[in-house]
Amino acid sequence: MMGVSLLSMPWALYQAGLIFGIFIFIAMGALCFYTTYLILRSPRGLKKMDTTSMEFTEICRYYLGRYGEITAILLSMFVLSGAILAYYVLMSNFLYFTGNLIYELAHPSSSASTMQEEPRCDFHCQMDDSFNGEKPYNSTEPAMLFGLTFHELWKLRLSVPILLSIVTFGLLNFKSPTFFTKFNVLGTITIMYIVVFNAARLIKCGVHLSLTDTTSEVYAECKLFDL
């Protein structure tokens with residue numbers, strides 16, 4: 001199962017180092033595989049019980065008692081709450097920047113002209129600490145609603161989350177979730193696009209990696225622990 005945690009994996013690898021980071025990825029993958037195996041194997045010990053429609057919390061109640069069931073429910077709610085918050089922040093960002101892109105395409109400006117430049121193989125990105133997620137708006141922009149311009153209305157931390165909550169509230173009233181399962185294939189298409197895109201960039205730009213030159217911008221630290 002893949003989710004938004006994939007976005008943090010490059011940062012985690014950077015923090016852990018190349019060798020130790022790969023080791024952590026393999027260890028966590030093995031741990032997830034083992035725990036999944038235990039969950040799938042746990043119903044086998046339930047005798048004289050129909051396990052075809054049994055929830056995992058019911059299995060915890062059988063093995064660990066009432067407190068085990070309550071603990072499993074609380075931990076599941078905790079994980080789901082974190083996932084909901086992460087997805088909500090991610091969707092708000094996607095909606096915000098998508099709205100900016102559509103506006104720039106409909107109202108070309110000097111900032112949008114840079115989008116037409118040919119992609120380069122710049123592998124080193126300078127971090128801009130002054131970026132706060134809000135695009136500064138031009139005072140000469142025409143008013144769109146109530147005398148406010150687009151960038152005064154389209155706020156990442158105000159109007160966009162409110163609009164997203166209105167849309168998602170309507171989707172929550174669907175009686176059956178099978179409608180949303182039809183979009184699962186889009187996740188596979190997205191992963192394929194990411195793989196093809198990165199492979200194409202790799203072929204065009206080559207590999208930027210140095211294991212020996214500590215002064216290089218592409219130096220990858222290989223020591224096991226950062227002492």
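Among contacts in the protein (heavy atoms within 4.5 Å) between residues at least 6 apart in sequence, 52% join residues at least 24 apart. This is a predicted model, in which local features need pLDDT of at least 70 and side-chain atom pairs count only at pLDDT 80 or more, while totals for chains, interfaces and linings use all residues. Residues are numbered from 1 along each chain as its sequence is written, and side-chain values use heavy atoms, with hydrogens and water left out.

The protein has eight helices and zero strands, where helices are DSSP runs (H or I) of at least four residues and strands (E) of at least two, numbered from the N terminus. In sequence order the pattern is α-α-α-α-α-α-α-α.

Of the 227 residues, 15% are buried, that is, under 20% relative accessible area, with exposed meaning over 50% and partly exposed in between (1.4 Å probe, protein chains only). The accessible surface (Shrake-Rupley method, 1.4 Å probe; for residues, only the protein chains shown count as cover) is about 18,600 Å², and 69% of it belongs to carbon and sulfur atoms.

On this surface, L163, V167, L171, F174, F179, F180, F183, V185, L186 and I189 form a nonpolar patch with about 850 Å² of accessible area together. Helices α6 (159–171), α7 (178–181) and α8 (184–205) each supply at least two of the patch residues. L171 lies in α6 and is partly exposed, with a relative accessible area of 36%.

The structure holds zero disulfides (pairs of cysteine sulfur atoms within 2.5 Å). Cysteine C32 is partly exposed at 42% relative accessibility, whereas C60 is buried at 10%.

Technical notes. Patch = residues over 30% accessible without salt bridge, like charges linked within 9 Å, V, L, I, M, F, W, Y side chains within 5 Å. Salt bridge = Lys/Arg side-chain N within 4 Å of Asp/Glu carboxyl O.
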